[in-house]
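The sequence and the model are shown first, and the notes follow by topic.

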Amino acid sequence: GSGYLVGEGSNAEAMRNLGLRPGDVVLSVNGKPLGNVQNDARMIDEVKASGEARVEVRRGSQTFTVNYPL
């Protein structure tokens, strides 16, 4: 998958908590690539069970990881 683009209409509180900005691309969560809606929906329960979301983000030409406790 190619991830998900963070847009202006995204949840402002969630964006703030993760340090995301409009234009960022969320590439993966807990090492699993995002971009296939069906697979991503199934992964939600796995992420919740792990207790933490390790989110890989691309901003411009840089990629970084944000750890977010659930």
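In this predicted model, Val55 stands opposite Val66, a residue of strand 5. The two strands concerned, strand 4 and strand 5 (residues 62-69), pair in the antiparallel sense over eight bridges. Val55 also belongs to the lining of the largest pocket, where Val55 is listed among the residues closest to the centre.

**Strand pairing**

- Strand 4 and strand 5 form a hairpin with two residues between them, and Gly60, which lies in the turn, has a positive phi of about 65°.
- Strand 4 is also joined to strand 2 by four bridges, and these two strands run antiparallel.

**The largest pocket**

- The volume of the largest pocket is about 550 Å³, and of the 20 residues that line this pocket, Leu18, Val26, Val29, Leu34 and Val55 are the closest to its centre.
- Two or more lining residues come from each of strand 1 (4-5), helix 1 (12-18), strand 2 (25-29), helix 2 (37-50) and strand 4 (52-59).
- Among the contributors, helix 2 gives the most to the lining of the largest pocket, with six residues.
- Sorted by class, the lining of the largest pocket holds 17 nonpolar residues, together with one polar and two charged residues.

**Where the topics meet**

- Strand 2 and strand 4, joined by four bridges, are both among the elements that give two or more residues to the lining of the largest pocket.

Technical notes. Residues are numbered from 1 along each chain as its sequence is written. This is a predicted model: local features need pLDDT of at least 70, side-chain atom pairs count only at pLDDT 80 or more; totals for chains, interfaces and linings use all residues. Side-chain values use heavy atoms; hydrogens and water are left out. On a 1 Å grid over the protein atoms alone, a cavity is a set of points where a 1.4 Å probe fits but cannot get out, and a pocket is an open set with protein on both sides within 12 Å along at least five of seven lines; lining residues have an atom within 4 Å of a point. Grid points are joined across faces, edges and corners, and a volume is the space filled by probe spheres set on the points. Ala, Val, Leu, Ile, Met, Phe, Trp, Tyr, Cys and Pro count as nonpolar, Asp, Glu, Lys and Arg as charged, and the others, Gly among them, as polar. Two strands pair if DSSP finds at least two bridges between them.
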